[in-house]
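Visitor: Hi! Could you walk me through this one with me asking questions as we go?
Guide: Happy to, let's have a look together.
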2 protein chains.
Amino acid sequence: MPLSQRDGTGADDPLGSWNDGPTKQSILDFVARVTQAGGADYVAPGERIATFDNDGTLWSERPFPFQLFFALDQVKAMAPRYPEWQDKEPFKSVLAGDLKGILSGGYPALIEIFMATHSGMTTDEFGPAVVEWLAATRHPETNRLFTEMVFQPMLELLGYLRANGFKTFIVSGGGVEFMRTFAEITYGVPPEQVIGSSGKLRFEVRDGKPVLVKLPQIEVLDDSGEKPAAIQKHIGRRPIASFGNSDGDLEMLQWTTAGKGARFALLIHHNDATREWAYDRNPSIGQLDKALDEAAVKGWTVVDMKNDWRRVFPFQSTDAHR
Amino acid sequence: MPLSQRDGTGADDPLGSWNDGPTKQSILDFVARVTQAGGADYVAPGERIATFDNDGTLWSERPFPFQLFFALDQVKAMAPRYPEWQDKEPFKSVLAGDLKGILSGGYPALIEIFMATHSGMTTDEFGPAVVEWLAATRHPETNRLFTEMVFQPMLELLGYLRANGFKTFIVSGGGVEFMRTFAEITYGVPPEQVIGSSGKLRFEVRDGKPVLVKLPQIEVLDDSGEKPAAIQKHIGRRPIASFGNSDGDLEMLQWTTAGKGARFALLIHHNDATREWAYDRNPSIGQLDKALDEAAVKGWTVVDMKNDWRRVFPFQSTDAHR
């Protein structure tokens, strides 16, 4: 690779949206170590597994994870078939557009909303409904499609790792059937490399045609300690690099870095209220507290979004406002 | 590809262990259809997903699936730590070498044996124990290592499909952590493309080191209707080709062939008592009954092992006895 690609000054820098400095350098150094044939830290291509959280790591998650926008819209679309929702929480609050009312029900209310809108149909019906919604719905603050609100530096990082023989996986608390509808087009991650939360499926033959019905039972909530478990179940190999942004990613980073040989862990610190959002220790969603402390102790890379990223979103010029 | 590779007469035939005839031709025709650029049935490489059962499809399963040999040996190895097993079924029968006694307990007895021997340890401990056992243990009838008792024609088929841009997956009732220890070396299928039965895992930090503990709770029994469900959960894409040998594979083949465009389904009919084993409609393990009937109706390919395969195991010359 010519020097111009490594120091970030060349037009063909594969990490062109990353400012030069220790953060970018830590990525370049790690990749150089594990790909140098004959080097002490060389890792065979098949074992170069990299796992990425999605919400807050590959795309934004404000004011709340985007999948919840989909669920709320689905409640409204389905409401005519469920007249009892007019008087029943949390649906009543959803239909009234009362976000505070929804959130006052806490986690159980959210689960109820997700169950109602993510089950009862077949897998063949669900995917196209998500695709249609993603093509038609815009973020209330940026007026952008949600799939435009991905982080340009992370898209470059995914491509850079793959160009260096890494296999890139998503390991997210988001619903796996939801994410797979856009992960390949948006991130270059094929469906079989997307791991997420999921509900039970039931095989049925309907009118001679086999279908998989999405049941209202959670099978996996892919967060915190469930992330390493899901990695083991799906990949069967410990990642050598993991990327996250919240305490829900801590166990994944611990699991990754506890393996032998060269390991890499990175946390994105959302500290850019101008171009994206600023939050860390005290939000209700996407809290980065314990993991930030552990990163300092263990020397993990922490992305200072404000200073490390030349641009945040693909549609922004550098230094743009969101 | 030169003709010599397509008609099975050339030394470099990628399917050299398959006799010429309709069975081999059905494979060649299908691959030609989905790989011909611009053809009506062309499938992009990323969507060329092929799923294979393991026991009875990629290796033998007589007198019972090989993983049970491992479980029985583990019971014997663990017995000193469990003195109560001397008087407690099914362990008592295992320790007495009384296979009939074990099987008289039916399915619940087998589950109890698997739970006792496949949980309680960490994932980092379990894998090496399997590797050690596979390297040291021989099949009681052939005196071969179990990993030698794989089907040479199927190894060639896996390689042929991959050479034509297919991604090959195992989808088996066998334990996923068990199969992954040899699937890459033996079949060329990396861990992340092995799907199987699995137990729950619990993330723990022990002495500052994260581990995944294998719990005595079944999470997935990957058989029958659970196979399409597991395919959807892990791969997220419908296979275009599936390969099995028993009624437990029927739903996977139904799910595969119900998709749009060119589809391929193949069943292996074990009818070769000389070189391998002969069984179909009435064994307790590996029954091929309903699926054989459906194959006839739907025109799926059925391998007549005796006549379609020039050799069965890699260690055999053609026409050898097992």
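Visitor: Which ring does B:Arg62 lie over?
Guide: B:Arg62 sits over the face of B:Tyr279, at 3.8 Å from the ring centre. Keep in mind that this is a predicted model.

Visitor: And what about B:Arg144, which ring is that over?
Guide: That one is B:Phe315, with B:Arg144 lying over its face at 4.0 Å from the ring centre.

Visitor: Let's stay with rings. How many aromatic pairs are there over all chains?
Guide: The count comes to 46 aromatic pairs over all chains. In one of them, A:Phe313 and A:Phe315 are stacked, 5.1 Å centre to centre with 15° between the planes.

Visitor: Are those two buried or exposed?
Guide: A:Phe313 counts as buried, at 0% relative accessibility. A:Phe315 is partly exposed, because its relative accessible area of 25% falls between the 20% and 50% cut-offs.

Visitor: How about B:Trp59 and B:Phe182, what is the geometry there?
Guide: They form a stacked pair too, 4.7 Å centre to centre and 25° between the planes. B:Trp59 is in the loop between strand E1 (49-52) and H3 of chain B, while B:Phe182 belongs to helix H9 (residues 176-187), so the pair ties together parts that are 123 residues apart in sequence. B:Trp59 is buried at 1% relative accessibility, and B:Phe182 is buried at 4%.

Visitor: Which residues of chain A do ring pairs link into a cluster?
Guide: Among them are A:Trp59, A:Phe64, A:Phe126, A:Trp133, A:Phe182 and A:Tyr187.

Visitor: Switching to packing: which residues have the most contacts inside the largest nonpolar core?
Guide: They are B:Met154, B:Leu157, B:Tyr187 and B:Phe243, in a core of 67 residues. Helix H3 (residues 66-78) of chain B gives the most to this core, with 8 residues. Apart from it lies another core, of 66 residues, including A:Ile27, A:Ala50, A:Ile170 and A:Ile268.

Visitor: What does B:Met154 touch, leaving out residues up to four places away in sequence?
Guide: Its contacts are B:Trp18, B:Phe52, B:Thr57, B:Leu58, B:Phe243, B:Ile268 and B:Trp309. B:Met154 is also one of the buried residues of H8(B), along with others including B:Leu157, B:Leu158 and B:Leu161.

Visitor: How far apart are the end C-alpha atoms of helix H8 of chain B?
Guide: They are 17 Å apart, which agrees with the 16 Å that the 12 residues (152-163) should span at 1.5 Å a residue. After H8(B) comes B:Gly165, with a positive phi near 85°.

Visitor: Which residue other than glycine has a positive phi in chain A?
Guide: A:Asp207 is one of these, with phi near 50°. A:Asp207 lies in the loop between strands E3 (194-206) and E4 (209-220) of chain A, and counts as exposed at 85% relative accessibility.

Visitor: And where are the cis peptide bonds?
Guide: One of them runs from A:Arg62 to A:Pro63, with omega near 0°. A:Pro63 is in the loop between strand E1 (49-52) and helix H3 (66-78) of chain A. Another joins B:Glu89 and B:Pro90, with omega about 0°.

Visitor: Last topic: what rotation superposes chain A on chain B?
Guide: A rotation of 180° with 0.0 Å of shift along its axis does it, with an RMSD of 0.0 Å. That is the relation of a two-fold axis.

Visitor: Which residue of chain A comes closest to the rotation axis?
Guide: A:His234 does, at 3.3 Å by its C-alpha. As for the interface, 100% of the interface residues of chain A are also interface residues in chain B, so the copies meet through the same surface.

How values were computed
Residues numbered from 1 in each chain as written. Chains lettered and ligands numbered in written order. Predicted model: local features only at pLDDT ≥ 70, side-chain atom pairs only at ≥ 80, totals over all residues. Heavy atoms only, no water. Core = buried A, V, L, I, M, F, W, Y, C linked by side-chain atoms within 4.5 Å. Buried < 20%, exposed > 50% of the residue type's maximum accessible area, 1.4 Å probe, protein only. Helix = DSSP H or I, 4+ residues; strand = E, 2+ residues; numbered from the N terminus. Contact = heavy atoms within 4.5 Å. Least-squares fit on C-alpha atoms with pLDDT ≥ 70 in both. Phe/Tyr/Trp six-rings, centres within 6.5 Å; stacked < 30°, edge-to-face > 60°. Lys NZ or Arg CZ within 6 Å of the ring centre and 35° of its normal. Expected span 1.5 Å × (residues − 1).
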